[in-house]
Amino acid sequence: MIVTLIVLCEIGFWVLLAAGLALRYVARKPRLGAAVLLCEPLLEVVLLVVTAIDLKNGAEPDWKHGLAAVYIGFTVGLGHSTIRWVDARVAHRFAGGPPPVRPPKYGRARAVHEWRTAARWTLAAVTAMALLQAAVWYVGGDGDIGSLRMWQQKMLWVIGINLVIAGSYTLFPKQEPKGRVGAGR
């Protein structure tokens, strides 16, 4: 049931996103579109409540409960930037908005972009780890919490990989090719 709910929440995320943007740009109802977009977090609240109820009713914590926590964490850390990314493209394509800003390719600007990206992924992973820890405490010493701990370890890997990527752009910045000053920014 938890996996089905996760899939439904993901589908619901994209349906609400499409409906909100359609209301904003096609129907020219920006406030109503924003209201629909603000309903997105309710999906995660429902998933969190159902997961907690499942554990409270005696379900043995397993990979599905961990996946639910990770999904919620990733929505917290990456959901807003995903919505902004899609919104900029829809505004450009269907509402005459400016072209979306491309990420910088070179130098310090690229490193700053990578650190911001790493921060979003780190927020996602830390949120997931906190929810997983709450589930560990909720289950207590009576249940098998190995799968929840496994998900926490995976989130540490997510953080580490993102920090290595951002650090590599800081230590070894990609230089703009000679003769192309100002291009690609």
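In this predicted model, helices H1 and H2 run roughly antiparallel to each other, because their axes cross at roughly 170 degrees and an angle over 145 degrees counts as roughly antiparallel. H1 covers residues 2-26, and H2 covers residues 30-37. The two axes come within 7 Å. On the H1 side, the contact is made by Leu16, Leu17, Ala19, Gly20, Leu21, Leu23 and Arg24. H2 contributes Pro30, Leu32, Gly33, Ala34, Val36 and Leu37. Sorted by type, the residues of this contact comprise 10 nonpolar, two polar and one charged. Gly counts among the polar residues here.

Arg24 forms a salt bridge with Asp87, and the closest N and O atoms are 3.1 Å apart. Where does Asp87 lie? Asp87 is part of helix H4, residues 63-95, while Arg24 is in H1, so the pair ties together parts that are 63 residues apart in sequence. The whole structure contains three salt bridges.

Two packed helices are described by the angle between their axes and the distance between the axes. Helix H5 spans residues 107-139 and helix H6 spans residues 146-171. Their axes are 9 Å apart, and the helices pack at an angle of about 170 degrees. H5 and H6 are therefore also roughly antiparallel to each other. What kinds of residues make up the contact of H5 with H6? They divide into 21 nonpolar, six polar and three charged.

Note on methods:
Residues are numbered from 1 along each chain as its sequence is written. This is a predicted model: local features need pLDDT of at least 70, side-chain atom pairs count only at pLDDT 80 or more; totals for chains, interfaces and linings use all residues. Side-chain values use heavy atoms; hydrogens and water are left out. Helices (H or I, at least four residues) and strands (E, at least two) are DSSP runs, numbered from the N terminus. Axes are lines fitted to C-alpha atoms, for helices over the stretch in contact, and angles run from 0 to 180 degrees between N-to-C directions. Angles under 35 degrees count as roughly parallel, over 145 as roughly antiparallel, 65 to 115 as roughly perpendicular and the rest as oblique. Contact means heavy atoms within 4.5 Å. A salt bridge is a side-chain nitrogen of Lys or Arg within 4 Å of a carboxyl oxygen of Asp or Glu.
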